[in-house]
Amino acid sequence: MDSFNAPRGSETADTKAMRDKARHTLIHLVAVMEAEFSAPKRLQHLPEHARPEQAFRDIPPNWFSQPVAGVDWRALAIEARCEIENYDELLFCLHAVREFKSQVAALNPWSSAGKDGVLSSVNFSEQMRSEIQRLQATIAMIALGCDALPVAAPLLRREQDEPMLSGLRGPYAYQFRGSVTETFIKSWRWEDALLAASESYGSGYIPQLLVFEDVGSSVVACLEKSYAKFGGSVFYGEAAWGHVAAGAGENIQRFIARYCRDPFAQVPAIRPAPLWEGKPEVGPYSERPSWTKSAIQGRC
């Protein structure tokens, strides 16, 4: 994220704007990194006006790209890399949370309202759950040092079931799930998961399945039996997070404890949400209610 060295002669106004935005984002991410994982005012190249005035969970996503004057971003990045343990991993982890906050702010709970205008809180909860599981899997891959496996062209977020991310690390091929239920075991997605495990095994890798939530005993038995056929293992609940954190640095372990086991803490304004039910007072039924702009975008 600290490489912005495209030829200046051919740079358009849009390219320059994107370059500047990336620099400001880097500065803000480093500022949050210092506040959350280092000593206060430790970085000499980070001026006071660039430091966050709010806790990370309350910073709006658009704050990260706001202009910051008078900062030598190259010197700041070099200093932060030297002064803060796990700098590169933290940078990617913080960026993942920023992306999560932006996606949550953009969720539209009214998109699935029926003809009678009744809002589907279930659909909104599923979208939120999907974003949480995507964040958890992304952080786990960063902590484990996985190389992401190529996947088919992704569906639009609203058309996706729970995301299934995969990655390679050494002799292991990892698969990540937020949860596994008996309904999932009976679905074609479970067949896809087993096919991926079989293909990994056939390519010389040991399949590993990480499920971030606890699962029922009958499901555990099915998972363990299925992956044992390929010499693989299954980790779920606290054991999954323990496996992820085992080889990670101290700051990454702190990051996992703060932001991965309960990412809902990043968006306190959306839970509970009694306004999920009923018709909007004004505008068409598909219009996003004002609270998603004020309550969510102002808090996440």
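The structure is a predicted model, in which local features need pLDDT of at least 70 and side-chain atom pairs count only at pLDDT 80 or more, while totals for chains, interfaces and linings use all residues. Residues are numbered from 1 along each chain as its sequence is written, and side-chain values use heavy atoms, with hydrogens and water left out. Helices (H or I, at least four residues) and strands (E, at least two) are DSSP runs, numbered from the N terminus.

**The sheet and its helices**

- Five strands, in the order β1-β2-β3-β4-β5, form an open sheet with mixed pairing; two strands pair if DSSP finds at least two bridges between them.
- β1 (147–148) and β5 (233–236) stand at the edges with a single partner strand each, so one side of each has no neighbour in the sheet.
- Strand β2 (residues 165–169) runs antiparallel to β3 and is joined to β3 by five bridges; R169 has Y172 in β3 as its bridge partner.
- Helix α7 (residues 217–228) packs on the sheet and touches β3, β4 (206–211) and β5, its direction making about 150° with that of β5.
- Helix α8 (residues 238–246) also packs on the sheet, touching β3, β4 and β5, and its direction makes about 105° with that of β5.
- Contact here means heavy atoms within 4.5 Å; axes are lines fitted to C-alpha atoms, for helices over the stretch in contact, and angles run from 0 to 180 degrees between N-to-C directions.

**Salt bridges**

- Side chains of opposite charge can pair when their charged atoms come close.
- The count is 10 salt bridges, each being a side-chain nitrogen of Lys or Arg within 4 Å of a carboxyl oxygen of Asp or Glu.
- R51 and E34 form one of them (2.7 Å, N to O), linking the loop between α1 (13–37) and α2 (73–83) to helix α1 across 17 residues.
- E48 also forms a salt bridge with R51, with the closest N and O atoms 3.3 Å apart.
- E34, K41, E48 and R51 are linked in a network of salt bridges.
- R51 is buried (under 20% relative accessible area; exposed is over 50%, partly exposed in between, with a 1.4 Å probe and protein chains only), whereas E48 is partly exposed at 47%.

**The loop residue S179**

- S179 lies in the loop between β3 (172–177) and α5 (182–185).
- S179 counts as buried because its relative accessibility is 10%.
- The side chain of S179 makes a polar contact with the side chain of R129 (3.3 Å); such a contact is a pair of N or O atoms within 3.5 Å, and within protein one must be able to donate a hydrogen and the other to accept it, while residues adjacent in sequence count only if both atoms are side-chain atoms.
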